[in-house]
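Please look at the sequence and the model first, then read the points below.

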Amino acid sequence: MWLIYTIIFTLITLCTFGSLRFMGLTNIWRMDGIAQHYPILAQFYRILHGTAHQSLFSWSWNLGLGADQMTTFAYYVVGDPFSYLIALFPASQLQLGYLLLTILRLYAVGLAFLVFAKQLQLKRGGRLIGTLVYTFTSLSFYVSFHHPFFLLPLIFFPLLCAAVDKIYHGQSFLWLVAITAVVLISNVYFAYLLGIGSLFFAVIRYFDLKRKGELVRSFPKSCGYFGLTVVMALLIAAMVLLPNIDATLNSSRSSGASIFANGLKLYPGIYYLKLPNALLDSTAGRLYWAVMGTSGLSLLAMMWTLRHFKKYFMLNVTLILILVGMLLPQFAAVMNVMSTPSNRWLLLAQLVFALTAGIFVDHLNELVPADFKWLLSGTVIFLALCWAGNGFRFKLSAHRLIIYGIYLLFLLVIAAGLIFGFKGVRFRLTLLSLMIVNLISLGLGLYSSNYNLTLRRDELSRGTGDHWMKAYYDYADRYLKQHDQSFYRTATTSNYYHPHNIPQTMQTVGNNIPMLLDTHTIGSYFSVQNKAVNDFNKTLRNSENTMNNPTSNVDNRTTMSSLLNVKYLFVRANQVGKAKVPYGFKIVRNEQGKPKLFSNRSVYMLDNQSGTALYRNQYALPLAYTQTQQLDRNAFLKLSANDREQALLDGTLTAHRLPGVRTVKAGTVTKPVAYSVKMHYQPFTTVAQAMAYRLKHDTSESVTGKIKAKKLTPKQVKRNNNKAKISKPSQAVMKLLQQNRGIVEQNNQANHDGLKELTNDKLGQNADYTVTLKNPSAYKNCELYMEFDGIRAQFPSISDRLNNTANRSLMANVPFSPGIKLNDWRDFTKKPSFDAFNLVVKSPNRKEIVQQLPIDNMSDYEKKNQTLVNLGYSEQARKTIKVSFTKAKRLSFKRVRIIAVPFDQNYRQRTTQLQNQTLKQLRVTNNRVSGATDEPQASVLTTSIPYTTGWQLTVDGRHTPIQQVNNGFVGAKLPAGRHQIRLIYQTPGLLAGRWLSAVGLILFVFGTAVEVWRWLGRKQVTKH
């Protein structure tokens, strides 16, 4: 059977993955593929070959501010046995290795189902069809070029279920121990998901076997073996599992930032409308990870199974529960570790779909005409749901027509089987051939540019990934390595890779390529991030903070950059003199005294199209230094975020008050800036403005674009009236103008004493505002901030959007017929707001966009109730700030403040003093930081090393307890005098995990020996 599967697998992969190769593309996704997965695999390759100059179980300074390499990579490669095979490829062929390992995982998916199908005693035909259905789905194709390691659960789940079934049938439990241990090692998230899935299968299978009278072991005895399995598997996996659990419990996701189910009670309507199409079509919307795209035969099999409800009772119960689970965001959130409502759990449902298809094929010869009528009725209902979900129209893409055509062909083949018989070779070959065509079509829906119109934009071209990983900074990183041998950190300006002409690079919150360049870049993009680092960024209200990238570039804030030891800043060459460069950063110059610019290294669709300039920070604090003062915590927490930031230059914030160290209450350094607000673009309120609007539009133009009001002179009004026909406007138009005047009055009143509300008009056009600073010259040589507190957003409903369009049509005097309204309804239904908005703040040479991520974001969604926007440092006076917004219909604020942070001699003195208090002979290696102190009084060791219990401190060889300082970093009290300081890192839980794993392996070997001895005994009894 495996040989036939292998031949068909080869054919399907050649037709699908071969299409990518034919187009010159890789399966490296332009988002997480190049930002996360491929760089991590490249670094893992270096570790396996010893060229990374550090082991897997060590601290790395190239993972953001620093992190444990094993626990950071565990989510991606550490527990993935296929990732270790990358070591067999030459360094120049990593992209090929990435592709081939993906295909190898996919091949293993089918082998795993063959094991499961054999255990459940499917016949040969059912086994083969079920295996193909399980291996090649839209979901497996989707993860193969977006998240290849997500194929692992598809491999493990059938093996776990088969092992559970063995226990019920009186066979050895050690199979389940081995597979469970591998799952626990592979990935904590997968272990959680597969654990729930396996438990569900165990319950369903128990009742199914009991109902059929096929249960060999009793329930109590089976439960005993399950319990023993869990204990032994936990012991075996402990070496990897314990550190990973510790890292997960102390990650940014455990800090309460994640909102359960993104706050949803039900999914948005568009999700439910797309579900019917998503069942068969891989190109259907993939909202909330609702990716299915199974074969047409699988859908027919589900219909048939439901007809025979009692016979396949437990299977039908499972199918119904899957359907209910897909409808409820709370269920998805529970399956997604109590976080976002991501339907990744549908990985498990594919097993049920494939099993149903296998059973159906094995019982095709039992079909009767009444079954076919049932299938026809089900097909009519299914197509009606697809029609409704498509806005009550059959406007179908070419690929969707092919998929539905194949589905109808399956129905036709079954009808032919009813007439001519199901047992003939011709029928079986026809069914198998149609299945192969169906599965190839599913793959081509994603892997062919004929059907996937965004394919060339979504996937990297061959060779570009490797080139970009070298030229990410236009080789400015090589210059740093040659000219600065000290330990330093780097950052980029926030728009270094965010030009408007490269939108695809804006879609992730970070990139891990700098990890490969040894630049110690402070931003990183990993699923498991240090909770303490996240807390530090939230304490100082870093507007770029997200769960997957807590630090990012700290919004290029001056003091935060210095506190984090950011010595160099990478800036786009065409932004020199324009970019938001913090105070104290001076451009690096060449020998002739001119700015040293690194020419752009062209990388197809990826480079920044400008080149790179380097800036050096004169006031970057060292990695480790001493502070002779500690801050009063209560006073510190009462300060604004900007004043907290400045306070950390005066003293260290300790977790517990240290006796013998002077305590100070930090004062206020920042200056509040008085301002006034005025609408810059105002809604239409006069007949002349309405006339200008009407002149702009005619029946051939859209009325959904923003049109600014024009002032017309009386002569222009008179001249244009014959065309505009509005000198005597209708009552409806006058009512709109009156309503707009009311909006303007109400908004001006609300913003009289400060910005409190951003609004739109009756045409749905958002107003924008000019904020004028009072006495702007007082804020020269300052960093300006705009702080928004108590943000509340209101979003337009579909009814609001239809009304806006109707009002625009009325104002423009263009038709708004029922047919136009229906088409607009379809468009608005397809494109909801998902409760997202952009708040845009502009000052001279600065543009900052604050994003409220949409509720369909499955990684970093947090409610944006407040934000602190850095408008940058300037030596010049700034008179105005422009504020606008998009997507929402109204934003309101509890308070909006403008804050000036002066940078003068005081800042220079404080930072220079701390630079002088660095650890002498400071030495930084992978797992060790050492140096010497010589303070005349007790002090606080202050670092920007992310806090974790893995760091151990010795002072003159004696163990000294550490504590968290500055709400995120390693620190400790140091006695007065001259001392040798040494910080050493060991992965938390690793030592205990090694011992526990040794015990688990011994028990497993002993159990295996007992099983072999029993087997030999039974064999001898059989002989006699």
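Leucine 614 touches Ala476, Tyr479, Leu480, Tyr568, Leu569, Phe570, Lys586, Ile587, Val588, Lys596 and Phe598, leaving aside residues up to four places away in sequence; contact means heavy atoms within 4.5 Å. This is a predicted model, in which local features need pLDDT of at least 70 and side-chain atom pairs count only at pLDDT 80 or more, while totals for chains, interfaces and linings use all residues. Residues are numbered from 1 along each chain as its sequence is written, and side-chain values use heavy atoms, with hydrogens and water left out.

- The largest nonpolar core has 198 residues, and Leu614 is among those with the most contacts inside it, as are Phe73, Phe116, Phe150, Tyr288, Leu297 and Trp345.
- Helix 4 (residues 94–119) gives the most to this core, with 14 residues.
- Another core lies apart from it and has 47 residues, including Met560, Ile587, Leu621 and Leu658.
- A nonpolar core is a set of buried Ala, Val, Leu, Ile, Met, Phe, Trp, Tyr and Cys residues joined through side-chain atoms within 4.5 Å; buried means under 20% relative accessible area, with a 1.4 Å probe and protein chains only.
- Helices (H or I, at least four residues) and strands (E, at least two) are DSSP runs, numbered from the N terminus.

- Four strands form an open sheet in the order 13-24-17-21, with antiparallel pairing; two strands pair if DSSP finds at least two bridges between them.
- Strand 13 (671–673) and strand 21 are the edge strands, each pairing on one side only.
- From one strand to the next, the twist averages 25°.
- Strand 17 (residues 782–789) and strand 21 run antiparallel and are joined by seven bridges.
- Phenylalanine 788 stands opposite threonine 867 in strand 21.
- Eight of the eight residues of strand 21 (residues 867–874) are buried, so this strand is largely enclosed by the rest of the structure.

**Helices 9 and 10**

- The axes of helix 9 (residues 188–212) and helix 10 (residues 219–249) come within 11 Å and cross at roughly 170°.
- Helix 9 is therefore roughly antiparallel to helix 10, a label for angles over 145 degrees.
- Val188, Ala202 and Tyr206 in helix 9 meet Phe219, Phe226, Leu241, Asn244 and Thr248 in helix 10.

How values were computed:
Axes are lines fitted to C-alpha atoms, for helices over the stretch in contact, and angles run from 0 to 180 degrees between N-to-C directions. Angles under 35 degrees count as roughly parallel, over 145 as roughly antiparallel, 65 to 115 as roughly perpendicular and the rest as oblique. Buried means under 20% relative accessible area, exposed over 50%, partly exposed in between (1.4 Å probe, protein chains only).
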